[in-house]
Amino acid sequence: MSTSADPVLQLTRVTKRFQAVEALVDVDLTVHRREVVALVGDNAAGKSTLARVATGVYQPDSGAVSLGGDEVQLGSPAVATRLGVASVFQELALCDNLDVVQNIFLGREVVQGGLLAESTMDRLARGYLDRLGARIPQLHTPLSSLSAGQRQCVAIARSLVGSPRLVVLDEPTASLSVAQTADVLTHIENLREMGLGVVFISHNLSDVRAVADRVEVLRHGRNNGSFDASSTSYEDIIAAITGATRWRPVEDPGGVR
């Protein structure tokens with residue numbers, strides 16, 4: 001039976017192979033409510049593979065996935081979404097010819113009496129954007145006219161449809177300007193304030209240190225360090241990423257309270 005103290009997400013000894021390639025080997029990951037966990041590592045470290053296991057895109061060859069203390073089988077992204085796991089990958093899957101509201105509810109439109117409930121979707125979309133601290137004044141602006149940072153915000157707002165308990169963000173600040181990055185980091189902080197668990201994949205350690213509560217390092221598909229973001233130096237994290245230091249187990253912090 002799950003309790004409020006159970007992790008939102010817990011991956012235990014997860015292994016994923018692609019033919020002869022072991023992308024993940026006995027990987028553990030725990031995320032609590034109101035916690036931003038940064039997942040870092042060099043290229044091909046297994047970060048995106050782990051994110052896709054957590055969101056039902058890939059199924060592990062072995063290991064367990066638990067949500068809220070209950071072991072689950074995430075057989076597809078649709079199953080993960082239904083169980084409260086939302087994701088924003090680098091391929092945003094947004095439509096330039098549609099406006100902000102249409103993109104947020106694409107595929108999950110609100111229908112009342114057989115008709116699209118446009119006013120309801122407008123109200124909900126504005127609520128999502130306001131809770132994120134977004135600066136998008138016009139809901140019916142075509143996506144093609146928005147900046148890269150605003151588009152990222154729309155994608156994050158879209159993840160809130162269905163009231164998830166966990167949001168997985170894959171490189172959300174990649175290719176953004178300094179100002180746009182600051183906005184997206186604010187959105188991530190606001191996801192935490194909403195009580196959600198957040199997995200934040202990034203190559204940028206400055207961004208990681210700005211918002212993460214904990215940093216988990218992957219190297220060659222294996223855990224290679226778990227660090228408190230506020231008290232750990234860049235040097236320690238880089239050493240774990242490059243393999244200069246080996247994995248040092250840490251006591252489960254029990255989430256951020």
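This is a predicted model: local features need pLDDT of at least 70, side-chain atom pairs count only at pLDDT 80 or more; totals for chains, interfaces and linings use all residues.
Biologist: Why is α5 called roughly parallel to α6?

Modeller: Helix α5 (residues 148-159) packs against helix α6 (residues 178-193) at an angle of about 15°, and their axes are 9 Å apart. Angles under 35 degrees count as roughly parallel, so α5 is roughly parallel to α6. The crossing of α5 and α6 is right-handed.

Biologist: Which residues of α5 and α6 make the contact?

Modeller: From α5 they are A148, G149, Q152, C153 and I156, and from α6 they are Q180, V184, H187 and L191. By class, the contact of α5 with α6 has 5 nonpolar, 4 polar and no charged residues.

Biologist: What makes α4 and α5 roughly perpendicular to each other?

Modeller: Helix α4 (residues 118-132) packs against α5 at an angle of about 115°, with the axes 9 Å apart. The class of roughly perpendicular runs from 65 to 115 degrees, and α4 and α5 are therefore placed in that class. The crossing of α4 and α5 is right-handed.

Biologist: What is the make-up of the contact of α4 with α5, by residue class?

Modeller: On α4 the contact is made by Y128, L129 and L132, and on α5 by C153, I156 and A157. These residues divide into 6 nonpolar, no polar and no charged.

Biologist: How do you know that T55 counts as buried?

Modeller: The relative accessibility of T55 is 4%. Buried means under 20%, so T55 counts as buried. T55 lies in the loop between α1 (47-54) and β4 (62-67). Leaving aside neighbours within four places in sequence, T55 is in contact with S76, P77, A80, V85, A86, S87, F89 and V168.

Biologist: What makes α1 mostly covered?

Modeller: In α1, 7 of the 8 residues are buried. Those buried are K47, T49, L50, A51, R52, V53 and A54. The helix α1 is followed by G56, which has a positive phi, near 85°.

Biologist: Which residues touch the most other members in the largest nonpolar core?

Modeller: That core has 49 residues, and V40, I104, L129, I188, L191 and V215 touch the most other members. Leaving aside neighbours within four places in sequence, L191 is in contact with L132, I156, L160, V167, L169, L196 and V198. A second, separate core has 28 residues, including L24, V31, F89 and V199. F89 is also one of the contacts of T55.

Terms used
Residues are numbered from 1 along each chain as its sequence is written. Side-chain values use heavy atoms; hydrogens and water are left out. Axes are lines fitted to C-alpha atoms, for helices over the stretch in contact, and angles run from 0 to 180 degrees between N-to-C directions. Helices (H or I, at least four residues) and strands (E, at least two) are DSSP runs, numbered from the N terminus. Angles under 35 degrees count as roughly parallel, over 145 as roughly antiparallel, 65 to 115 as roughly perpendicular and the rest as oblique. A crossing is left-handed if the near helix is turned anticlockwise from the far one by less than a right angle, and right-handed if clockwise. Contact means heavy atoms within 4.5 Å. Ala, Val, Leu, Ile, Met, Phe, Trp, Tyr, Cys and Pro count as nonpolar, Asp, Glu, Lys and Arg as charged, and the others, Gly among them, as polar. Buried means under 20% relative accessible area, exposed over 50%, partly exposed in between (1.4 Å probe, protein chains only). A nonpolar core is a set of buried Ala, Val, Leu, Ile, Met, Phe, Trp, Tyr and Cys residues joined through side-chain atoms within 4.5 Å.
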